[in-house]
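Trainee: Please take a close look at one strand and its pairing, and then at the core to which it contributes.

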Amino acid sequence: MANSSSLVFLFFFFFFYSTLATAKTHRFVRSISPSSLGLDKPQKLSQLHFFFHDVVGGTNQTAVRVAAAPSTDKSPTQFGAVVMIDDPLTESPESWSKVVGRAQGMYASASQTELGFLMTLSFVFTQGEFNGSTLSVLGRNTVLSAVREMPIVGGSGVFRFATGYAQAKTHSIDALEAIVEYNVSVFHY
């Protein structure tokens, strides 16, 4: 009987010990060296220039309103409207220009007093040295201002750990399409 009690004690001792040892190796948070992620290199500053084509109607529509408040259509600013986008980014303002990426995400009319959008989108690059990389934008876009500045809050691929800003300037606008010139300055590794 003493031997079986000892065996039970040893079993539970090793069971709890191994559970504690495993818990220590599978922690939720751990510290790592920045160099393990390639962050020991000096940061680069890249400037990108492209045109954003937001087509809100017609046969090649790239922006679709997906939600609105009951009062949105009565509001002079379309307050409450939410629009999903998959807009081409091109080298020049012409629609036939070389496509270098897509702007994918959404914008929402977030002001009752002026035409101001909350922009939450990714610039997804499909050409050149940034092919496969993205930049994330999250900020306010007062559409009628001559130049609007929005923060770059991150990215992926070449732009992992990116920070910077995007300046937007309306190139042209009509009932179906807005073409917006973007100048982006971004720090990345």
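Mentor: Leucine 45 stands opposite phenylalanine 187 in E9. Strands here are DSSP runs of E of at least two residues, numbered from the N terminus. This is a predicted model, in which local features need pLDDT of at least 70 and side-chain atom pairs count only at pLDDT 80 or more, while totals for chains, interfaces and linings use all residues. Residues are numbered from 1 along each chain as its sequence is written, and side-chain values use heavy atoms, with hydrogens and water left out.

Strand E1 (residues 44-55) runs antiparallel to strand E9 (residues 177-188), and twelve bridges join them; two strands pair if DSSP finds at least two bridges between them. E1 is also joined, by two bridges, to strand E3 (residues 82-90), again antiparallel. In that pairing, phenylalanine 51 stands opposite threonine 90.

The largest nonpolar core has 29 residues, and Phe50, Phe123, Phe125, Leu135, Tyr182 and Val184 touch the most other members. Such a core is a set of buried Ala, Val, Leu, Ile, Met, Phe, Trp, Tyr and Cys residues joined through side-chain atoms within 4.5 Å, where buried means under 20% relative accessible area (1.4 Å probe, protein chains only). Among the elements that give two or more residues to this core are E1, E3 and E9, whereas the largest share, five residues, comes from E5.

Leaving aside neighbours within four places in sequence, tyrosine 182 is in contact with residues including Leu48, Phe50, Phe52, Met119 and Phe123; contact means heavy atoms within 4.5 Å.

Technical notes: Helices (H or I, at least four residues) and strands (E, at least two) are DSSP runs, numbered from the N terminus. Buried means under 20% relative accessible area, exposed over 50%, partly exposed in between (1.4 Å probe, protein chains only).
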